[in-house]
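Please walk through this structure from whole chains down to single elements. The text below takes the chains in turn and then the contact between them.

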Amino acid sequence: MVKTYRPENLQEALRIRRETHAVPLAGGTDLMVRYRSWAGTLPKFPWPVLFINHLTELKTMGLREDGLHIGAGVTLSEIEREMEAPQALRAAVSEMAAPALRNLGTLAGNICNASPAGDAVCVLYALDAQVVLTSLSGARTVSVMDFITGPGRKDLNDDELMTDIIIPHANFSHVSYRKVGTRKANALSKMSFCALAKTKLGRIDDVRIAFGAVGPTVVRSWETEKKLLGMDADDLKDHLSAIHDDYDAMIHPIDDQRSTAVYRKQVSLNLLDQFLQNLVKEL
Amino acid sequence: MMTKKISDSIRRVDAVDKAGGYTQYISDMSFDELHYGRLVRGLRSHARITHIDLPALPDGYYFITKDHIPEGGKNEIQQIGTDWPVFADDEVTFYGETIGILVGPDREKVLEIERSISIEYEKLEAVFTIDDGLAMKTGLINGTNNTYADYHLNKGDVDAGFARADQIIEDEITTGFQEHLYMEPQGMVAQYVDGDYIITASCQCPFYLRKAVANVLNTDKEHIIVRQAVTGGAFGGKEHFPDIIAAPLVVAARVVGKPIQVVFDRKDDISFTAKRHPSRGIFRTGLDKEGNIVAMDVDVTINAGAYMSCSNIVLQRAIFSINSVYDIPNVHVRGRSVATNAFPSDAFRGFGAPQGIFLAEMHLSHIASHLGIDPASYKQRYFISKGDTTITNGLMHDEVKLPLMLEKAAEASDLYEKQRLYATGSGKGMGVSFYNHGAGFTGNGEKEIIKARLRMKKHRNGHVDILLSNVEMGQGLQTTFPKIAAAILEIPMEDISCDNPDTSIVPDSGPTVASRSLMVVGKLVERASQQLKERWDESPEVEVEVKYIHPEGCQWDQETLQGDAYPTYGWGVCIVEVEVDPATAEVETKGIWTVHDVGIAIDEMIVHGQVNGGVIQSLGYGSLEKLEYKDGRFYQNTLADYMIPTSMDFPMMSSQLVDNPYENGPFGAKGLGELVFDGASAAFADAVQQAIGKNINRIPVTPEYIMEVMNS
């Protein structure tokens with residue numbers, strides 16, 4: 001039998017987590033599927049389970065000085081409806097799974113899944129999002145990209161819970177999010193693409209470009225983004241193929257049951273080119 | 001009250017219970033002391049079983065193998081052939097073959113025991129593809145050349161035709177596996193009670209099941225009682241495959257002496273049940289100077305897998321469909337069903353016709369594009385008409401309304417204007433396909449093999465029972481059969497019952513397959529109702545029985561496959577409009593327009609339900625449903641990876657019907673369940689090839705494949 005815990009509050013949850021290393025389960029939309037068993041038998045969790053879905057401390061969402069805070073218990077549907085949430089994040093969330101799953105699933109769960117194909121994660125990389133990891137000893141804040149260390153691997157100590165996601169304030173004049181799914185709804189990603197840019201006086205003032213499901217983790221390059229800063233339309237036009245080549249060298253997708261490496265790579269570069277060409281026109 | 005016209009829709013008798021969730025399916029049914037069974041499968045593609053290490057079984061738990069087959073019983077399942085064993089006989093010949101069945105009262109315990117069973121094998125070489133099978137790379141799997149059948153059809157004089165050819169167009173076109181994905185997975189309960197075996201099953205063909213297991217048990221068919229449980233979809237997947245589950249299950253039921261349930265989880269159902277046959281067509285077509293076809297030579301192969309099952313009958317329909325709605329002069333078709341170590345393929349809505357029609361529709365489109373002619377216009381040249389000769393040198397008895405149907409579909413879709421606007425390769429395209437489906441069994445199958453019988457019974461209180469063996473599996477038979485009877489008897493629908501069949505009660509009116517139920521069995525309902533009406537006042541209780549009568553003028557030779565392959569045909573036109581995204585090669589389907597001739601609709605709403613479901617299922621087959629066979633097993637085996645369409649993928653469909661009554665169907669109705677699957681995948685692929693300006697040679701037409709074609 002699987003040992004389960006349903007704490008009264010966050011404090012108790014943290015204590016159970018420290019004592020038992022029970023694995024937190026919020027919506028359960030990933031874990032219940034992953035550990036499902038024969039119909040009529042219980043899911044085969046290999047560790048104790050800590051239910052956190054009901055903890056009100058984790059249910060808050062709102063703007064603060066350092067950005068938008070999204071509690072670990074906030075569902076994807078709630079983010080989808082949140083007007084203060086960045087456009088790209090709302091777009092990504094609204095295309096995840098199906099409405100019933102979005103009513104249960106959480107963004108924190110999606111991050112903790114640490115899947116390179118996590119749709120929201122690609123956007124969170126581009127938004128420089130951070131996560132707050134809390135234990136009885138205190139809290140630490142790390143960026144999403146440092147938190148996810150590989151497919152299914154994450155920087156989470158066995159006494160910590162993810163309690164909050166912080167999306168720093170930023171405004172973008174150009175937002176492009178594209179999920180290339182296995183079908184048009186209720187689908188997993190073959191790849192996803194998020195590009196954000198801000199222009200000022202005809203030059204690129206801020207730009208972030210992220211590719212999901214094309215490598216062990218989301219692909220984002222500060223080096224290449226830095227090259228783009230300050231460019232005007234003519235500069236960008238001159239550098240289109242160099243930028244293309246930069247990403248070409250970075251993107252190493254695989255063949256799997258959903259798509260092919262060749263397709264993933266070409267679509268990534270096509271969407272990149274499309275975004276940059278539009279930017280040239282609009283600078 | 002009865003509606004005025006038979007086609008006017010009424011509420012389905014099962015609508016409220018199914019929509020409301022009240023219906024009890026096999027997993028909802030309760031049985032005293034129910035035990036649970038799990039098939040223990042050989043997880044090798046080809047291997048000799050050298051040792052089975054079984055843990056000590058607690059009391060009440062059983063591991064049933066071929067050693068438990070009763071004395072005199074055979075380790076073979078009686079299908080069309082008998083090659084598929086109940087339990088792997090020392091050798092596993094495909095990944096997932098049944099070795100034994102583990103049974104017990106507690107599911108957790110059964111799982112625990114299953115995990116500790118270890119099977120040792122000696123690996124043998126395996127082949128999975130048509131080419132490797134034909135090349136006999138690993139020696140012989142079946143027959144003398146690794147085929148289950150090798151057929152030839154000849155119409156006209158092919159050599160003389162080719163002698164007149166100015167040019168020859170060659171093509172190789174392929175189709176993939178397809179998963180049925182009925183909503184309710186495979187499931188049944190078997191029990192042994194006082195010498196009788198009772199099988200309660202989600203299935204299409206109760207009498208097939210009875211026949212399949214009789215020799216295994218070495219018992220009289222009358223001691224096997226099959227009760228159909230409410231069946232949540234089937235699509236051909238519950239035609240023969242339930243035999244494969246029932247056979248080991250009845251052996252276990254006899255040993256255990258308790259009811260045993262086997263219900264597949266979805267992943268098991270996708271991984272370990274039969275699929276649609278993959279196919280390949282190699283075409284050589286001769287054209288004269290004007291671009292007219294003077295001869296056609298086609299080599300059709302299907303991947304049948306490790307056992308024959310019904311592959312040869314599927315193959316027959318596939319090759320008969322190679323000219324489908326066309327009268328083409330001088331044709332030779334060779335058809336082979338190839339033995340491999342793949343999971344045996346089996347019946348699936350359309351039964352070979354979707355493969356044959358797709359191969360031929362694409363080839364004709366390629367010829368038209370090569371000639372610079374729009375494919376729909378080119379194909380029209382060859383429309384078959386009443387009195388023309390079919391590919392099996394039979395006579396087209398039907399009036400063919402295809403020109404009218406094309407006119408209607410073209411008008412609804414604005415075909416010609418859009419064709420003018422969308423240049424080839426512009427990213428936008430209109431695809432058109434034409435198809436027919438021979439309704440009922442091939443050739444003289446109804447007369448020689450099935451010999452359907454049906455009874456109707458009037459009770460003292462005036463209530464009428466229709467006794468037949470065809471099952472409701474979502475297609476509406478429990479509404480349409482009584483509707484036919486009600487119209488003739490002029491009594492309310494509520495006074496007529498048509499219950500799930502029980503083989504100990506109903507006569508054998510044949511299996512629920514081949515688009516035969518409404519047309520052939522519905523005709524029996526019509527005739528029985530007429531007789532019952534005449535004899536209504538004869539006595540308080542009246543029973544009538546009718547037998548199948550073969551249509552006059554339909555001649556068939558099953559040895560040579562010559563004559564009238566089918567008594568009649570349903571007809572269809574499908575137009576699909578697409579737009580291809582230049583960055584991702586994703587396809588947006590902008591519209592779907594169909595026109596079908598199903599004779600007369602017995603219920604328009606039910607017909608539209610069939611049209612919508614069949615067309616969307618076909619579009620899924622054509623676009624999304626990639627099912628790769630990798631390392632000898634199905635690679636996309638979850639609902640997260642095996643993609644069937646959602647309403648977002650194919651949002652808009654317009655469908656029309658034309659009336660064309662058939663005298664041997666009730667009220668003029670013809671079969672339609674499979675027809676509506678047959679053509680949409682070709683229309684979709686045709687639309688994509690118009691949009692990208694390059695030939696499409698296989699389905700599913702995934703964005704990955706489109707990009708590959710665009711880059712070539």
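A residue is called buried if 20 or more other C-beta atoms lie within 10 Å of its own, exposed if 12 or fewer do, and partly exposed in between, with C-beta atoms placed from the backbone. By that count, 58% of the 712 residues in chain B are buried. This is a predicted model, in which local features need pLDDT of at least 70, side-chain atom pairs count only at pLDDT 80 or more, and totals for chains, interfaces and linings use all residues. Residues are numbered from 1 along each chain as its sequence is written, while chains are lettered from A and ligands numbered from 1 in the order in which they are written.

Chain B holds 19 helices and 27 strands; helices (H or I, at least four residues) and strands (E, at least two) are DSSP runs, numbered from the N terminus. The radius of gyration of chain B is 25 Å, close to the 27 Å that the globule rule gives for 712 residues, so chain B is as compact as a globular protein of that length. The radius of gyration is taken over C-alpha atoms, and the globule rule is 2.2 Å times the number of residues to the power 0.38. The C-alpha trace of chain B spans about 80 × 70 × 45 Å along its principal axes. Two residues are in contact if their C-beta atoms, placed from the backbone, lie within 7 Å. Of the contacts in chain B with a separation of 6 or more, 81% are between residues 24 or more positions apart.

Within chain B, 7 strands make an open sheet with mixed pairing, in the order S3-S5-S1-S12-S9-S10-S11. Its edge strands are S3 (62-64) and S11 (224-228) of chain B, each of which pairs on one side only. From one strand to the next, the twist averages 25°. Two strands pair if DSSP finds at least two bridges between them. Strand S9 (residues 187-193) and strand S12 (residues 260-263) of chain B pair in the antiparallel sense over 4 bridges, and Gly187(B) has Val263(B) in S12(B) as its bridge partner.

Helices lie across this sheet. Helix H6 (residues 241-256) of chain B lies across S1, S3, S5, S9, S10 and S12 of chain B and runs at about 35° to S9(B). Helix H5 (residues 206-217) of chain B lies across S10 and S11 of chain B, at about 150° to S11(B). Axes are lines fitted to C-alpha atoms, for helices over the stretch in contact, and angles run from 0 to 180 degrees between N-to-C directions.

Chain A has 11 helices and 14 strands. Its radius of gyration is 20 Å, close to the 19 Å that the globule rule gives for 283 residues, so chain A is as compact as a globular protein of that length. Of its 283 residues, 41% count as buried.

Chain A contains an open sheet of 4 strands in the order S11-S12-S13-S14, with antiparallel pairing. The edge strands are S11 and S14 (219-220) of chain A, each pairing on one side only. Strand S11 (residues 174-181) of chain A is mostly covered, with 6 of its 8 residues buried. S11(A) is joined by 8 bridges to the antiparallel strand S12 (residues 189-200) of chain A, where Cys194(A) is the bridge partner of Tyr177(A). At the other end of the order, strand S13 (residues 203-212) of chain A and S14(A) pair in the antiparallel sense over 2 bridges, and Ala210(A) stands opposite Arg220(A) in S14(A).

H7(A) lies across S11, S12, S13 and S14 of chain A, running at about 155° to S13(A). How many residues of H7(A) are buried? The count is 8 of its 8 residues, among them Asp119(A), Cys122(A) and Tyr125(A). Just after H7(A), Asp128(A) takes a positive phi of about 55°.

Helix H4 (residues 87-94) of chain A packs against helix H7 (residues 119-126) of chain A at an angle of about 170°, with their axes 8 Å apart. H4(A) and H7(A) are therefore roughly antiparallel to each other; angles under 35 degrees count as roughly parallel, over 145 as roughly antiparallel, 65 to 115 as roughly perpendicular and the rest as oblique. Ala88(A), Leu89(A), Ala92(A) and Val93(A) in H4(A) meet Asp119(A), Ala120(A), Val123(A) and Ala126(A) in H7(A). The residues of this contact divide into 7 nonpolar, no polar and 1 charged. Here Ala, Val, Leu, Ile, Met, Phe, Trp, Tyr, Cys and Pro count as nonpolar, Asp, Glu, Lys and Arg as charged, and the others, Gly among them, as polar.
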